[in-house]
Amino acid sequence: MLLFGSSLACLLPFVSFIFLSLENYGVRKLEAVFAVLIATMAISFAWMFTDTKPNMKDLLVGILVPKLSSRTIRQAVGVVGCVIMPHNVFLHSALVQSRKIDQNKEYQVREALRYYSIESTIALAVSFMINLFVTTVFAKGFYGSKEAGNIGLENAGQYLQEKFGGGFFPILYIWGIGLLAAGQSSTITGTYAGQFIMGGFLNLKLKKWVRALITRSFAIVPTIVVALFFDTSDSALDVLNEWLNVLQSIQIPFALIPLITLVSKEQVMGVFKIGPNTQAVTWTVATLLITINGYLLMDFFSSEIRGPLSGALLCVAVLIYASFVLYLILRGTELSEKIVKAIRNSCS
């Protein structure tokens with residue numbers, strides 16, 4: 001929508017369907033499409049990064065010793081929320097199953113796990129660099145300026161063009177190419193993740209292409225409807241984007257906690273369950289992420305409070321949410337069994 005307008009933008013999800021059809025010729029073909037899109041993003045945003053010529057010394061100091069003012073904490077936490085996306089947890093869990101290995105042979109499984117670790121590390125490193133490029137470009141051009149508060153997805157390209165000019169290749173077009181690749185990549189991954197999730201819930205016994213069409217439609221049609229609904233003003237899409245980050249933050253515990261719980265259980269993973277040290281690290285990181293996202297949610301919703309009624313509703317919602325997250329953490333433990341037993345006894 002940002003690049004082509006709402007009419008043509010509605011066709012882009014169907015382009016994603018075409019890309020996803022490559023799965024019929026093997027998952028590796030689809031992964032190649034992902035690689036091309038990610039490479040396009042990386043090259044585009046790296047080009048912008050080079051054109052703006054940031055101070056590398058200041059950048060390195062900022063990475064090693066980050067400093068956040070009270071005004072920037074919300075934005076920084078929001079970046080964490082939008083980078084660590086819950087649907088990717090489900091997507092990678094599904095893609096793991098596409099590897100054809102003999103799960104009865106331990107050495108094959110361990111070899112696959114090693115390659116997955118390398119693949120994930122590379123993907124996270126590339127993601128970090130892309131976010132670094134984009135953040136640095138906008139910080140170099142607009143931090144502390146009057147325009148900073150007016151920049152959003154709708155007009156970011158125009159502001160970049162006015163600030164940094166054309167050069168050999170106009171930065172507006174570079175930004176547009178990178179944004180298009182990012183949009184297609186996120187649409188494909190979101191739709192693909194939705195396909196696996198809905199396929200698991202519905203357990204449809206249909207031909208593969210029919211099943212894929214139904215499950216992908218469940219994932220992408222609501223997205224089109226919501227996007228068209230919000231395509232009313234320059235700021236509406238920015239509001240939508242902010243709410244999407246919030247929703248992803250809400251969902252993170254429901255992806256991370258079951259994942260860590262399952263991979264820690266011997267009856268599920270067998271000899272491949274994670275050890276005590278890995279469990280301690282993963283639970284610490286998960287707790288940190290959930291805390292960070294909890295801060296974002298409280299900050300976001302507290303700014304939306306209008307009167308005592310909405311404040312009371314927010315408190316109730318937070319209590320229910322926190323209770324459910326706590327339930328996920330304690331589920332299956334002796335403490336949770338005692339709590340459930342006590343509740344049943346009190347109700348009987």
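## Buried residues and the overall fold

A residue is called buried here when its relative accessible area is under 20%. With that in hand, let's look at this predicted model. By that cut-off, 28% of the protein's 348 residues are buried.

The protein has 15 helices and zero strands. Take the contacts between residues at least 6 apart in sequence: 70% of them join residues at least 24 apart.

## Helix 14

Which residues of helix 14 are buried? They are Gly-311, Leu-314, Val-325 and Leu-328. Helix 11 (236-263) and helix 13 (276-302) are included in what covers these buried residues.

Helix 14 runs over residues 308-330, and at 1.5 Å a residue its 23 residues should span 33 Å. The C-alpha atoms at its ends are 33 Å apart, so the model agrees with that expectation.

## Where helix 7 meets helix 8

Two packed helices are described by the angle between their axes and by the distance between those axes. For helix 7 (residues 106-142) and helix 8 (residues 156-164), the angle is about 60° and the axes are 11 Å apart. Angles from 65 to 115 degrees would count as roughly perpendicular and those under 35 as roughly parallel, so this pair is oblique. Helix 7 passes helix 8 in a left-handed crossing.

On the helix 7 side, the contact is made by Val-137, Phe-138, Gly-141 and Phe-142. Helix 8 brings Ala-156, Tyr-159, Leu-160, Lys-163 and Phe-164. Sorted by type, the residues of this contact are seven nonpolar, one polar and one charged.

Conventions
Residues are numbered from 1 along each chain as its sequence is written. This is a predicted model: local features need pLDDT of at least 70, side-chain atom pairs count only at pLDDT 80 or more; totals for chains, interfaces and linings use all residues. Side-chain values use heavy atoms; hydrogens and water are left out. Axes are lines fitted to C-alpha atoms, for helices over the stretch in contact, and angles run from 0 to 180 degrees between N-to-C directions. Helices (H or I, at least four residues) and strands (E, at least two) are DSSP runs, numbered from the N terminus. Angles under 35 degrees count as roughly parallel, over 145 as roughly antiparallel, 65 to 115 as roughly perpendicular and the rest as oblique. A crossing is left-handed if the near helix is turned anticlockwise from the far one by less than a right angle, and right-handed if clockwise. Contact means heavy atoms within 4.5 Å. Ala, Val, Leu, Ile, Met, Phe, Trp, Tyr, Cys and Pro count as nonpolar, Asp, Glu, Lys and Arg as charged, and the others, Gly among them, as polar. The expected span of a helix is 1.5 Å times one less than its number of residues. Buried means under 20% relative accessible area, exposed over 50%, partly exposed in between (1.4 Å probe, protein chains only).
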